[in-house]
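Let's take a walk through this model, one piece at a time. Keep the sequence and the 3D view open as you read.

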Amino acid sequence: MHKKNMKAKYILSGVLVAAMTVFSSCSDFFDQESDHVTFTDNMHLNDPADTIYTLTGIMAKMQALGDRTILLGEARGDLVDVTNAASSDLRDIAQFNIGDDNQYNNPRDYYAVINNCNLYIAKADTALKNNRNQNIFLKEYAAVKAYRAWTYLQLAINYGRVPFVTEPIVTKAQSDATYETKDITDICNWLVNDIAPLADQEMPGLGSFGITDSRLLYFPIYVVMGDLNLWAGNYADAAKAYYNAITNANGANTFYPIGSNGVRWISSGNWNSYNDSWRFSFSNESYNSSRELMTMIAGDSIPSDGNYSQLRNIFNSNEQNNYEVSLVPSQAIQDLSAAQVYCMVTSDGDTIYAPSNLSMLRSGDLRLMSTWTTVSNYTYNNRQIDYQSIVKHSTRNVHIYRRAMLYLRLAEALNRAGYPRFAYQILSSGVNDKVIASKVLPYCTTAADSAFVSSFSFPSTSTTGYIVADLSVPSQNYNTIGIHSRGSGWSQANKYYLMPDDSTLNATDRLNYQIDQVERMIVDEGALECAFEGTRYYDLMRVALRRNDPSFLADRVYGRRGAAHVGEMKSEIKKDLLNTNNWFLSWKGKIGL
């Protein structure tokens, strides 16, 4: 077997073999007493086998970040609570008491990815072309820059202010050096400029790893650009990036509608029969033009492997955890779900609303019922337990981006850019060019606003493009609904889910009122749609920082167990969450606030 081909059998093991150990040189970046630094001299990546091998090596390094991305983003929020079975490390996350020895507090894992990326970027020969004058490694180069940008964003939003290094560290002197630190905004702005020129690059063609299509292991640059701009406060740019991610998701100038999946009551008789086409998207990891899943981090297949994801065991009752889960849905998400008003439109065109006093999980929005299966007094090994299943964590892989998140963040960006009616339609009816023309453009008051809104095109015909559900045509085939309609019925007909407005205010105050209220709707929708997926804490943090209102985050986290138990939560958390410094991790006095 050729030497280059021999490497391929190692690439998914999570270990970089000796020929490329230089790519792990950052593992002791913050250990100043360590001499475990690998040196290199003039190594260049100009061979396809080496380039692909090192790219998959970076993917392997990403595996260490999978579980903590979800757990740091969920356990510190208000949508889950810890059980007595939770590890002390997980409990400390929920209580904002994360010490240096917590297994989820290890910035070196982020820098291991970053330094691998830095070295790849420095060494890849992007000028090399084939006999058709096509760049050979530019796709891989773009993918690596996206990995670096996403990883730096995770590092910054968790630690606040971090050393920012874009050159590879390959010598002892470089490891010992002191590096400039940057905050979230500075890092995001730098990275946007870095990756923007590569946004239209196609994904590398690595085929499939077993049953996993490699295209799901990449971070689309437009999506990452959207996130970076959203955190940096560049809202118009964020909206355009998310829009470009949608229109390029399946290739240039393609369609990527939100889809029609939802959880819906079938009849209004006893409100006991429903149809659920929403839950199955979470176990579907196939790659097709209508996929819900956009990006995931691959997990190992057996527990003894180093990067086996524990999310299934943390959220789901099974033999591996003795049927004792560590995280359960909080009272806050149960209350929020029950508070929604479900709207049904009958085949006769009548609008009716589900009763508010149905049994647990059946009142209000139906997505929590779809996601969360719980059985009290379940018998296991002759003992009574509370069985739980969270369908969102049913595979070995860690899901990072999906389609609904993309649309929700587009709505968030549009709202803060000054277009709350555009954002509201994404929640309510869904958008296409007809909706934009009738529901958004008439409220634009300047030529610049009209031009900006018109730059977002969601075309449709009767059979293709973005087809918004027409409730007057029950037999219509549609592929675009409001995100709120995924669990609360037909939101565009719901008199309890209207565009917020106050006509008594002057124009400026009226717009600010709309932005404020629509943002609250988006935050609630993020909880209903994306609960348990690791986004909640960061959503609350981003909005609270934007508003300069720490209570926006603090009040919700303290309210995790409901309004009656706020004092209890404050006594458990102990940290003052009105102090934004307490929102971030620190590590050995070398990183973080």
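Is Asp194 buried or exposed? Asp194 is buried, with a relative accessible area of 13%. For that call, buried means under 20% relative accessible area, exposed means over 50%, and partly exposed is what falls in between, using a 1.4 Å probe and protein chains only.

A quick word on the ground rules. You're looking at a predicted model, in which local features need pLDDT of at least 70, side-chain atom pairs count only at pLDDT 80 or more, and totals for chains, interfaces and linings use all residues. Residues are numbered from 1 along each chain as its sequence is written, and side-chain values use heavy atoms, with hydrogens and water left out.

Back to Asp194, whose side chain meets that of Arg148 in a salt bridge, at 3.0 Å from N to O. The pair links distant parts of the chain: Asp194 sits in helix α8 (residues 184–195) and Arg148 in helix α6 (residues 138–159), 46 residues apart. Helices here are DSSP runs of H or I with at least four residues, strands are runs of E with at least two, and both are numbered from the N terminus. Arg148 is buried as well, at 3% relative accessible area. A salt bridge, by the way, is a side-chain nitrogen of Lys or Arg within 4 Å of a carboxyl oxygen of Asp or Glu. The structure holds 34 salt bridges.

Next, have a look at Glu292 and Arg402, which form a salt bridge with their closest N and O atoms 2.7 Å apart. This one also links distant parts of the chain, since Glu292 is in the loop between β7 (274–276) and β8 (293–297), Arg402 is in strand β14 (residues 398–402), and 110 residues separate them. Glu292 is buried at 8% relative accessible area, and Arg402 is buried at 5%.

Then there's Arg421, which forms a salt bridge with Asp501, the closest N and O atoms being 3.5 Å apart. Arg421 lies in helix α15 (residues 420–428) and Asp501 in the loop between α18 (485–488) and α19 (507–530), so the pair ties together parts that are 80 residues apart in sequence. Arg421 is buried, at 15% relative accessible area, while Asp501 is partly exposed, at 32%. Salt bridges that share partners also build one network, and Glu292 and Arg402 are among its members, along with residues including Asp365, Arg367 and Lys392.

Now for some strands. β12 (residues 372–380) and β13 (residues 383–390) run antiparallel and are joined by 7 bridges; two strands count as paired if DSSP finds at least two bridges between them. Thr373 stands opposite Ser389 in β13. β12 and β13 form a hairpin with 2 residues between them, and Asn381 in the turn has a positive phi of about 50 degrees.

Ser551 is partly exposed, with 22% relative accessible area. Leaving aside residues up to four places away in sequence, Ser551 touches Arg556 and Leu578, where contact means heavy atoms within 4.5 Å. The C-alpha atoms of Ser551 and Leu578 are separated by 6.0 Å, with the two residues 27 apart along the chain. Gln95, in the loop between α4 (88–94) and α5 (107–123), counts as buried at 16% relative accessibility.
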